[in-house]
Every structure is written in C-alpha cells, then in structure tokens.
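Please look over the structure shown here together with its sequence.

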Amino acid sequence: VGGRVVCLKETDSTNSVAFRMAEDGAVEGTVVIADTQSAGKGRLGRVWLSPPGVNLYCSVVLRPPISPVAACQLTFLSVVAVARAIERVTTLSPQIKWPNDILVDGKKVAGLLNEMNAETEKVNFVVLGIGVNLNMRLGQLGSTLRHPATSLLEASGQPVQRVGFTRALLEELDVLYDRFLVEGEAPIRAEWLERSAIGGRRVKVSSGDREFRGTVQGVDAFGALLVQPEQGPLETVLSGDVTLLDR
Ligand code: BTN
C-alpha cells in the first residue's frame, strides 16, 4: 500500500479519481490524496465536508483475490488502521462505531467509504476511501451536525502533522492487508470488536424504513451487526445507522 501515491490540490472526490484510475489499470496499493474535495462523498449519498489544508482525504486501490461478498470485510481493515494511526500520533483513545465510523469523545473524527468493481465471482478492485478530520475547527457546528463531529486537534488540543499521520495510516493499512491476505478477516475483526464502542450497548437501529431498539451482540464475518431486540429473535443488520441509547 502506498507504492504509488498521487497527490492532488483539488478534485471532486478522491474515491472517484481512484476508481477511474483502477479502471484504467492502476496497480494495487495506488493511493490518491487531495488537499480538498469539491464533491466529497459520504455514506448513504451524503456529502463529506472537505475544506482545504486541514484534513486527510485519501483513497486506496486494492485488488484482493476474494469474492464480492467477502469484500465488505475490507472495511474492518481501514477502520482498524485509522484507529491505530490515531493512537500512534496522538494520546487519544479512538472508538469504533458500526459500520465504519471512528469516534473520539463520542464524536465522529473519521469516515470510510468503500466502492467496488466486481463480477459475479470475483472482485476486480476495491477503492477504500478514508476521510480523517485532523486539524479542522468545527467549534459549535460540530455538535449541531446529525452525527456530532470533531477533529484530532479539537479533541487533543494538539495540531496533527498531515504527512506524518498519512504515513502512519498507510503503514498500518499495509500491515493489516498483508495479514488479511494470509489469515483472513478473523484476527482483524477481533480487534475491531475490542475497539468497538457499541458491543453490549443498547442502541436504536435505523435500517431502510425500519427502526427498532436492542442490545448489540457483535458483528458477523461479513460486517453485519447482530442485535438482540427487546422482543423477538436476533436480528442481522446489513446496513443502516445505529445510535447509542444510554451513555
Ligand atoms: C462517511 O459518510 O462516514 C464516509 C465518508 C468518507 C469520506 C472519504 S474522504 C476521501 C474519500 N473520498 C470521498 O469522496 N469520500 C471518501
């Protein structure tokens, strides 16, 4: 990971650039980084705030020899890599929130968006999109957002060096990807669970037009959330949002 790094001043979305480069044959491990994005993509069609000079917006092209169904396991890698990188360069204790948020002090500091190009049986490539709020000042705005947000600077009081953070992140991702190719997702999922902010907690789940409350039992090998509702059988939640009910 990071054998080839493309740095851009401004682009629409590093994910879109990396996707096009991968379609044109970019080698595995190619990384696209931009100083700012004019149309940063978030999950569920949302916009990702991407002001210049302060944060990290990057996308990594991987070509794992796995099935499209297994490709969602790559989310475990980028989430754990970001958490480890935050621990390496700050004194903060990041927590993971399903499916792919990283929180500090209960507020979101990073988001991940994977996009895939696949045939029925095999993955052609996956783009791992990683956005980390490093030195952005959100102030009051941070708490008014739909998902309260912060940056590493706001949470720690210390500015974070962008190049140093990016290097730490790509190194961790490299180590985790090598391990994934040899041992599969199990050890990385175990670390994900350990770091997760929601294991054993009561949550509200919103999935499509459904909403229910229950207790998080864990996450399965494909990244689906296992929730025991107050009544009825265990639910497997493939996509959606969870909110912690008690702090
Ligand atoms: C989320 O909604 O939590 C996911 C946000 C993902 C943002 C990153 S920033 C780099 C990459 N390029 C994009 O357009 N999105 C991802």
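## A crossing of two helices

In what follows, a helix axis is a line fitted to the C-alpha atoms over the stretch in contact, and an angle between axes runs from 0 to 180 degrees between N-to-C directions. The model is a predicted one. In it, helix α2 (residues 74–89) and helix α5 (residues 162–183) have axes that come within 8 Å and cross at roughly 140 degrees. Because angles over 145 degrees count as roughly antiparallel and 65 to 115 as roughly perpendicular, α2 is described as oblique to α5.

The crossing in which α2 passes α5 is right-handed. On the side of α2, the contact is made by Leu77, Ser78, Val80, Ala81, Val82, Arg84, Ala85, Arg88 and Val89, while α5 contributes Gly164, Phe165, Ala168, Leu169, Glu172, Leu173, Leu176, Tyr177 and Phe180. Sorted by class, the contact of α2 with α5 has 13 nonpolar, two polar and three charged residues.

## Annotated binding-site positions

An unreviewed UniProt entry carries the annotation "binding site" for Ser13, Thr14, Asn15, Gln37 and Lys108. Serine 13 lies in the loop between β1 (5–11) and α1 (14–23), and it counts as buried because 22 C-beta neighbours lie inside 10 Å.

Apart from its neighbours within four places in sequence, lysine 108 is in contact with Asp101, Leu103, His147, Pro148 and Ala149.

Glycine 25, which follows α1, has a positive phi near 100 degrees.

## Valine 5 in strand β1

Valine 5 is found in strand β1, where it is partly exposed, with 15 other C-beta atoms within 10 Å. Not counting residues up to four places away in sequence, valine 5 touches Val31 and Ile33. Valine 5 and glycine 29, which are 24 residues apart in sequence, lie 8.6 Å apart in space, C-alpha to C-alpha.

Note on methods. Residues numbered from 1 in each chain as written. Predicted model: local features only at pLDDT ≥ 70, side-chain atom pairs only at ≥ 80, totals over all residues. Helix = DSSP H or I, 4+ residues; strand = E, 2+ residues; numbered from the N terminus. Parallel < 35°, antiparallel > 145°, perpendicular 65-115°, else oblique. Left-handed = near helix turned anticlockwise from the far one by under 90°. Contact = placed C-beta atoms within 7 Å. Nonpolar A, V, L, I, M, F, W, Y, C, P; charged D, E, K, R; others polar. UniProt positions renumbered as here; feature names shortened; annotations may be inferred. Buried ≥ 20, exposed ≤ 12 C-beta atoms within 10 Å, placed from the backbone.
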